[in-house]
Amino acid sequence: MKTNFKSHKKLILSLISLTIGLGIIIMFIVFLPSIRIAYYFQTRLEYEHLLYDDGLVYSYIDWDENSEEYNREKRQGLIISARRELKGSISIPEKIRDLPVIGIAEHAFSGCKNLESVELPETIKVILSSAFDGCESLTSITLPQNIKSIGENAFQGCTNLSSINLPETIIHIHGGAFRGCTGLTSITLPENAMIMGGDVFHGCTNLNSIKIPKGIDSIPSGTFQGCTSLTSITLPKDITTIGENAFSGCTYLQSINIPAGVTKINDSTFYGCNSLKSITLPQGLTEIGKDAFHDCTSLTSIVFPEKIKSIRENSF
């Protein structure tokens, strides 16, 4: 009897231990996603007091539209991100707990390959870097009239996005914002917008029409690189700088005006524009960079201004 009692006791203790162990494992599986998300946001972005709702994460934050800096001490609004990979259509509310949703976080919906459309509230002021990076199925998004800034690579790789309306309130468009949006066919830049970095439309192979307003004074490096459907573009007279590779690989570009304020054509600016037939160089131009017009095989004649001082190797 003693032997049986000891055996039963060991069996009971084993079952209790097993039950506790299974309970711990189940709790770990259930709560791990929340723990990982909280850890990610609190350590990488240092946001505070996360609020979860229907697959979305809301975090306290404030954003200064002039300095484009965060203020994590003031709780003037919320910034949003996805708790898991979302698909189909989503609508983001204007307020949560009486606080306005003012921004889309870094990498908020990055990699949501089956996300098709997003409805943003009018309270949104900023879309941060890589917010919709790689959303291959995204076909529709309406930007609110209060938005001020679009971050780096915000819509990079949104290959099915065929059009997007940029409100006049936008001040800053950062580098690579629409890079690789191969479905994008036309776009109009806002009057007061500034292109803050290179490669904004790099690889937009179906972009055939773009309107650049007079307020823009610079075309950064790689801005239209590889836009193979672009046939012509009119640069406003305020442009003074055209960066390296700004139009390289625009194989269907036939003509372009270079504003009078441009004094230098940088390296590889028009490299590989093999349909370019005519170009007028401004009288104030002093330097043509390396490979600037290299492989422009349709360019038959060009008139050099009197002030030109330097023509680098392989310019033509």
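Is Gly203 buried or exposed? I opened the predicted model to find out. I read a relative accessibility of 16% for Gly203. Buried means under 20%, so Gly203 counts as buried.

**Entry 1: around Gly203**

I looked up where Gly203 sits in the chain. Gly203 is in a loop.

Next I asked which residues Gly203 is in contact with, leaving aside neighbours within four places in sequence. I noted Gly180, Thr182, Gln225 and Gly226.

I also checked Gln156. Gln156 and Gly203 are 47 residues apart in sequence. Their C-alpha atoms are 10.0 Å apart in space.

**Entry 2: Asp291**

I turned to backbone angles. What is the phi of Asp291? I found a value near 60°. That is positive, and Asp291 is a residue other than glycine.

I placed Asp291 in the loop between strand E22 (287–288) and strand E23 (310–311). Its relative accessible area is 13%. The cut-off for buried is under 20%, so I wrote Asp291 down as buried.

**Entry 3: Asn314**

I then looked up Asn314. Its phi is positive, about 60°. Asn314 is not a glycine either. I found Asn314 in the segment after E23.

How does Asn314 count, buried or partly exposed? I read 45% relative accessibility.

Notes. Residues numbered from 1 in each chain as written. Predicted model: local features only at pLDDT ≥ 70, side-chain atom pairs only at ≥ 80, totals over all residues. Heavy atoms only, no water. Helix = DSSP H or I, 4+ residues; strand = E, 2+ residues; numbered from the N terminus. Buried < 20%, exposed > 50% of the residue type's maximum accessible area, 1.4 Å probe, protein only. Contact = heavy atoms within 4.5 Å.
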